[in-house]
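Trainee: Could you take me through one part of this model with care, namely the aromatic rings and what lies around them?

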Amino acid sequence: MGAFDDFPPVTIPRSEDERKKWGWEPHEQVLLKGCMDVSDQKYTANKMGKMGKNSVMEVQMGEGRYALLERMILSWTFTKNGQIVALSTANIGRLPSPYSTPILAVIDEITAVMSEQEQEDFLDSANGPTVDGSVSMSTLQTIS
């Protein structure tokens, strides 16, 4: 998959087992972005920390987790009194923990970096010569 290829969205719950485990109603679903991009990372990181007094970095993990929900949820089918609840920043803030906790767990899976084993498997599968960038740059400079 290329860097700018589309990542398909992820619909949760992904199985009836998850639905039962989480205690969600049969009609309840959430559609998440399939990948976090740099703008999402920047937004989330900016929400997670700020400079406090005397240039001391303050970490706000709750803000960062909330920002993940804001950036990654594309749509949902949650209802109140039979009516679909609009997806908004305010309503995301009202999500009960039996909903926010599993959503965040799936977002964590989506945004996870490769494990050491996955990295080794990837590197083993990447065959072919490796070009040293410094050699390429010196060759380009002499051509011009």
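Mentor: Let me begin with a term: a residue is called buried when its relative accessible area is under 20%. The model is a predicted one, and in it both Trp24 and Tyr99 are buried by that cut-off.

A pair of aromatic rings is described by the distance of the centres and the angle of the planes. For Trp24 and Tyr99 the ring centres are 5.1 Å apart and the planes meet at 25°, and because planes under 30 degrees apart count as stacked, this pair is stacked. Trp24 belongs to the loop between helix H1 (16-22) and strand S2 (30-32), whereas Tyr99 belongs to helix H5 (residues 97-111), so the contact ties together parts that are 75 residues apart in sequence.

Trp76 and Phe78 make a tilted aromatic pair, with 5.1 Å from centre to centre and 45° between the planes, and these two residues are buried as well. The count of aromatic pairs comes to 5, and one aromatic cluster is formed by Trp22, Trp24, Trp76, Phe78 and Tyr99.

Methods:
Residues are numbered from 1 along each chain as its sequence is written. This is a predicted model: local features need pLDDT of at least 70, side-chain atom pairs count only at pLDDT 80 or more; totals for chains, interfaces and linings use all residues. Side-chain values use heavy atoms; hydrogens and water are left out. Rings of Phe, Tyr and Trp (its six-membered ring) pair if their centres lie within 6.5 Å; planes under 30 degrees apart count as stacked, over 60 as edge-to-face and the rest as tilted. Helices (H or I, at least four residues) and strands (E, at least two) are DSSP runs, numbered from the N terminus. Buried means under 20% relative accessible area, exposed over 50%, partly exposed in between (1.4 Å probe, protein chains only).
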